[in-house]
Amino acid sequence: MILKKKYFLSFILLTLLTVSGCRSGGLPTYYISEDIDFGFYKKVAVMPLDNLTKEKYAGEIVKQVVISELLASGLLDVMVPGEVMSAVNELGIKSVSAMNTSDINSLGTALGVEAVIMGSVEEYGEVKTGSFSTPQVTITLMMADTSTGSIVWSITKTRGGASFMARHFGARHETISETVLMLVREAIDTLSY
Amino acid sequence: MLSVTSKEKGLMVTINRQKRQGLISVLIMFMLCFLVLVVSGCSSSGVKHFMRPGADVSSVSKVAVLPFDNHTSDIYAGEKVRGIVIIELLSRGMEVVEPGEVNRALIKLKIRSLARASREDYKSIAEELEIDGMITGSVETYGISRGISVSYPEVSIGLSLIGSGNGSVLWSTWHTGGGADFWTRHFGVEGRTLDQASRDVVGEAFEPLFSQMKKGTMLLIDDSK
């Protein structure tokens, strides 16, 4: 009788573990230049992000969150976005995603910033998993030093999907906005390490 | 050696059984509480914001709410949220320039796009409207989203307070709200409307700014004493 109970309990535990699906926490792939003192960077410019999704405003949405979170983190001051776009136009930079070292240097001088943040949004939207959809967002952010043009920080991160409790017990799952906010916050947190 | 009678043995068995049943009840209650807590979803409402160090926001009493950037599929979302922001500011005792006056000033100063507005442009707007600051913003999400089993309102906004002195950002935040609550998800209770969710998001987003303003005013009162 006791043996039967033990088997039953083990079976339930095994089923729970299998059904829960060991979802990884979206481990970030990031690079941070070891030989650079990040205290040197006081003010940055956030460039428009490349939108590689079907969502028309995904790049703009993530850019707004990046600016807000950078400011809120207290790590860096951020240039007014309008000022950045004016400088891009004045310098005749046609494609922000294809900026070379000389463009980055010129932007740094024109705006008086120590670094520029560039990047892209690879995924933004609902992903169908089985019978229901959940939000999923993937972003890549890079920080380039305006004096050297070299990348000093870079990260690619994904977040989304429903948790075990949400799938099976109807627990609350994140909205797409919450997913973006948490994703950007986690990405920026790596700057403070 | 004390001999235990069959009656006493029976009594001990009963006590043990009662103890075990009590323990099981406690365990079941504990598990139920845990499940309710997990299923209800502990969402944090903490609004992260930026406040420029040394900025005296308590001196800002008259502002202009500039047209919002709209990043949603609802073409009027920017104007709707702008209206809610104006009402929120007025209800908190701030003086707000009429939207028509703001639009007139933008046309007069030939500022076609706020996305390309420089610090000089912001200074010109402030001079033209004789204001202490400007609220700029964007609407990232405004609509009804579909969850696993229910639909819910979702609103996300970015807000900034630009100082009239040097045209720099004094305060900034990005906040999101909405989602289905426990009662809607599990018992089909009618949730918040999109309008209510928008008002809540705007109110929560402004909370840190106004608490800072209040603190600043308190400090000024203390200094005058």
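1. Two residues are taken to be in contact when their C-beta atoms, placed from the backbone, lie within 7 Å. With that cut-off in hand, the covering of helix α4(B) can be described: what covers its buried residues includes β2 (62-65), α3 (99-108), β5 (133-146) and β6 (151-163) of chain B. This is a predicted model, and the points below should be read with that in mind.

2. On confidence, the model scores ipTM 0.72 and pTM 0.77, while chain B has a mean pLDDT of 84, with 88% of its residues at 70 or more. Where pLDDT is low, the predicted coordinates should not be read in detail.

3. Returning to α4(B), its buried residues are D121(B), Y122(B), I125(B) and A126(B). Because these residues cover an arc of only 140 degrees around the axis, they lie on the same side of α4(B). E120(B) and E127(B), by contrast, are exposed on the other side of this helix. Just after α4(B) comes E130(B), which takes a positive phi of about 50 degrees.

4. One of the elements covering α4(B), the strand β2(B), also takes part in strand pairing. It is joined to β4(B), residues 95-96, by two bridges, and the two strands run parallel; here K62(B) has E95(B) as its bridge partner. Three bridges join β2(B) to β5(B), again in a parallel arrangement, and in that pairing V65(B) is partnered by I135(B).

5. Chain A contains six helices and seven strands, and its elements follow the order α-β-β-β-α-β-α-α-β-β-β-α-α from the N terminus on. Of its 193 residues, 40% count as buried. Among the contacts in chain A between residues at least 6 apart in sequence, 67% join residues that are at least 24 apart.

6. Within chain A, the helix α3(A) is mostly covered, with seven of its 10 residues buried, namely P81(A), G82(A), E83(A), V84(A), S86(A), A87(A) and V88(A). These buried residues pack against β2 (43-46), α2 and α4 (101-111) of chain A, and also against α4 (119-129) of chain B, so that the description of α3(A) involves both chains. The helix is followed by G92(A), whose phi is positive, near 70 degrees.

7. As for the interface, 30 residues of chain A are in contact with 34 residues of chain B. On the chain A side, α2 (58-73), α3 (81-90), β6 (132-145), α5 (164-169) and α6 (176-189) each supply at least two residues, and the largest share, eight residues, comes from α2(A). By type, the residues on this side of chain A divide into 16 nonpolar, nine polar and five charged.

8. The largest nonpolar core has 89 residues, and those with the most contacts inside it are V44(A), A45(A), V62(A), V116(A), I117(A) and M134(B). The element that gives the most to this core is α2(A), with eight residues. For V62(A), leaving aside its neighbours within four places in sequence, the residues in contact are L49(A), V121(A), I139(A), V180(A) and V184(A).

Notes:
Residues are numbered from 1 along each chain as its sequence is written. Chains are lettered from A and ligands numbered from 1 in the order in which they are written. This is a predicted model: local features need pLDDT of at least 70, side-chain atom pairs count only at pLDDT 80 or more; totals for chains, interfaces and linings use all residues. Helices (H or I, at least four residues) and strands (E, at least two) are DSSP runs, numbered from the N terminus. Ala, Val, Leu, Ile, Met, Phe, Trp, Tyr, Cys and Pro count as nonpolar, Asp, Glu, Lys and Arg as charged, and the others, Gly among them, as polar. A residue is buried if 20 or more other C-beta atoms lie within 10 Å of its own, exposed if 12 or fewer, and partly exposed in between; C-beta atoms are placed from the backbone. A nonpolar core is a set of buried Ala, Val, Leu, Ile, Met, Phe, Trp, Tyr and Cys residues joined through C-beta atoms within 7 Å. pLDDT is the predictor's confidence in each residue, from 0 to 100. The arc is that of the directions from the helix axis to the C-beta atoms. Two strands pair if DSSP finds at least two bridges between them.
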